Amino acid sequence: MINFYVFLGPPGAGKGTQAKVVASRLGIPQISSGDIFRENLKMKTELGERANKYIKIGELVPDDITIAMINERLSRADCAGGAILDGFPRTPAQAEALDRFLMENKSQIKKVPYIKVSEAELISRLTERLTCRAEGHIFHKRFNPPKVPGVCDYDGSELYQREDDKPDTVKHRINVYEEQTQPLVDYYHQRSLLIEIDGNQPIDQVTDDLVNLLDLAV
Ligand code: AMP
């Protein structure tokens, strides 16, 4: 069986940051639906233009568009040994589509780390978040600043504030999460796949907890 991991949690919980670490430990790719949409927007593809209508107002991109995009991505050769999913699934219909895809591809969900963070903390993290233009590396103005202001430590590209990280859109994204994505916590809990992680802790502590709970310690 090929193992996939689903990282669950509200926007700003640190899914992307932690998923990158775990992906590199396991030697499998991190697949972020948000990164793929942003990449498409940068390349001005039709998918990017369609998705951006929803992204910029903090709504979810419709399931049919998102599921087709992820199925295509997971079918590529680099996912043959599994992957970390970050930001997908976000609705029950997406979770069911993922189950079907995995079943058809002799794959399974191994674990679902659920990173829990208080709402006040989420707002502070998202509205002060900086994102790298080239690869989506993530920094925070106060808690995780880049070595050189405005420049990504990893690839030297420009850091910017995402349009949807502005305060009004952030609040709406958190509401959308509560309504549409929170039900997945139960969905995976009932299947004994959920591992709860305290995401209010410093980044390194969250990573340590994840490494221990996923049995990745070397
Ligand atoms: P993220 O980078 O994960 O915060 O995603 C940014 C935005 O992309 C979200 O607010 C949604 O508009 C869109 N998006 C990302 N992943 C999904 C998904 N699985 N389903 C629907 N929309 C998504």
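Me: How many positive and negative side chains does the protein have, and how far apart do the centres of the two sets lie?
Reply: The protein has 28 positive and 33 negative side chains, with the centres of the two sets 2 Å apart. Lys and Arg count as positive, Asp and Glu as negative, and His and the chain ends are not counted. Each charge is placed at NZ of Lys, CZ of Arg, CG of Asp or CD of Glu.

Me: What sort of model is this?
Reply: It is a predicted model, where local features need pLDDT of at least 70 and side-chain atom pairs count only at pLDDT 80 or more, while totals for chains, interfaces and linings use all residues. Residues are numbered from 1 along each chain as its sequence is written, and side-chain values use heavy atoms, leaving out hydrogens and water.

Me: How many helices and strands are in the protein?
Reply: Nine helices and eight strands. These are DSSP runs numbered from the N terminus (helices: H or I, at least four residues; strands: E, at least two).

Me: And how much of the protein is buried?
Reply: Buried residues are 48% of the 218. Buried means under 20% relative accessible area, exposed over 50%, and partly exposed in between, with a 1.4 Å probe and protein chains only.

Me: OK, Thr66. Where is it, and is it buried or exposed?
Reply: Thr66 sits in helix H4, residues 63–74. Its relative accessibility is 3%, so Thr66 counts as buried.

Me: What is Thr66 in contact with, leaving aside neighbours within four places in sequence?
Reply: Phe37, Val61, Phe88 and Gln94. Contact means heavy atoms within 4.5 Å.

Me: Switching to helix H6. Which of its residues are buried?
Reply: In H6, residues 119–127, the buried ones are Leu122, Ser124, Arg125, Leu126 and Thr127.

Me: What covers them?
Reply: The cover includes strand E5 (129–132), strand E6 (138–140) and helix H7 (167–181).

Me: Last topic, aromatic pairs. How many are there?
Reply: The count is two aromatic pairs. One of them is Tyr187 with Tyr188, which is edge-to-face at 5.1 Å centre to centre and 85° between the planes. Rings of Phe, Tyr and Trp (its six-membered ring) pair if their centres lie within 6.5 Å; planes under 30 degrees apart are stacked, over 60 edge-to-face, and the rest tilted.

Me: Are those two tyrosines buried or exposed?
Reply: Tyr188 is buried, at 0% relative accessible area. Tyr187 has 21% relative accessibility, so Tyr187 counts as partly exposed.
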